[in-house]
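Q: Could we go through this one together, starting with how the helices pack?

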Amino acid sequence: MSLGNSIFQARKKSGLSQQEVAEKLGVSRQTISKWELDETLPEIRQCKRLAELYHLSLDELVDFDVELKEIERVIENTSEEKQKEINWTKVWGKKYPILLTYPQTVDVDKYGAEIRKLLRTMEKEYDFSSLDAMLVLKDIMAHVWNK
């Protein structure tokens, strides 16, 4: 996504008009339009002011992804109780069908026993709660997979 599109998406998400942003930054509405259309680029100080206006870091503004921000917002605002009600396997299974079918072919008890050993080891060695040990182990697996 271009910087202009990121600026546009962040402005739209904030509910501000080009005129309102222009007034807050002390520039013309046409300047905001040119930034959003990638006709010109804002200087770094203006980018910082835009980020502050939209309650984003400069990095977030440059790489603004409205869908990602919405997903993050939903996750942050979902209570623990509600999370426990969600069948995450079913939800993610819509995107990754293997999550719905592997139990018929994989020896879940065999791998489950190995994973339980790792979890118990992490709980003892680092004094983690069972939830913290699971989250850390899941994160380690993601890091290994991404390499």
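A: One term first: angles under 35 degrees count as roughly parallel, over 145 as roughly antiparallel, 65 to 115 as roughly perpendicular, and the rest as oblique. This is a predicted model, in which local features need pLDDT of at least 70 and side-chain atom pairs pLDDT 80 or more, while totals for chains, interfaces and linings use all residues. Residues are numbered from 1 along each chain as its sequence is written, and side-chain values use heavy atoms, without hydrogens or water.

Q: OK, so at what angle do helix 2 and helix 4 pack?
A: Helix 2 and helix 4 pack at about 120°, and their axes (lines fitted to C-alpha atoms over the stretch in contact, with angles from 0 to 180 degrees between N-to-C directions) lie 11 Å apart. The two helices, which are DSSP runs of H or I with at least four residues, numbered from the N terminus, are therefore oblique to each other.

Q: Which residues in helix 2 and helix 4 meet?
A: On the helix 2 side they are Val 21, Lys 24 and Leu 25, and these meet Gln 46, Arg 49, Leu 50 and Leu 53 in helix 4, where contact means heavy atoms within 4.5 Å.

Q: Staying with helix 4, which of its residues are buried?
A: Helix 4 spans residues 44-53, and Gln 46, Cys 47, Leu 50 and Ala 51 are its buried residues, buried being under 20% relative accessible area, exposed over 50% and partly exposed in between (1.4 Å probe, protein chains only). Looking down the axis of helix 4, these buried residues fall within an arc of 145°, so they line one face of the helix.

Q: And what covers the buried residues of helix 4?
A: The cover includes helix 1 (3-14), helix 2 (18-25), helix 3 (29-36) and helix 5 (58-62). Gln 46 and Leu 50, which are among the buried residues of helix 4, are also among the residues that meet helix 2.

Q: While we're on helix 2, is Gln 18 buried or exposed?
A: Gln 18, which lies in helix 2, is buried, with a relative accessible area of 16%. Leaving aside neighbours within four places in sequence, Gln 18 is in contact with Arg 11, Arg 29, Ile 32, Ser 33 and Glu 36.

Q: Switching to the backbone, what phi does His 55 take?
A: His 55 has a positive phi of about 60° although it is not a glycine, and this residue comes just after helix 4, in the loop between helix 4 and helix 5. His 55 is exposed, with a relative accessible area of 72%. For background, most residues other than glycine have a negative phi.

Q: What about phi of Asp 38, and where does Asp 38 lie?
A: Phi of Asp 38 is near 60°, again a positive value in a residue other than glycine. Asp 38 lies in the loop between helix 3 and helix 4, and is partly exposed at a relative accessible area of 36%.

Q: Further along, how do the axes of helix 10 and helix 11 cross?
A: The axes of helix 10 (residues 108-126) and helix 11 (residues 130-146) come within 9 Å and cross at roughly 115°. Helix 10 brings Ile 115, Leu 118, Leu 119, Met 122 and Glu 123 to this contact, and helix 11 brings Ser 130, Ala 133, Met 134, Val 136, Leu 137 and Ile 140.

Q: Last one: where is Asp 107 found?
A: Asp 107 is in the loop between helix 9 (98-101) and helix 10, and at 43% relative accessibility it counts as partly exposed. Asp 107 and Met 134 are 27 residues apart along the chain, and their C-alpha atoms are separated by 20 Å.

Conventions
The arc is that of the directions from the helix axis to the C-beta atoms.
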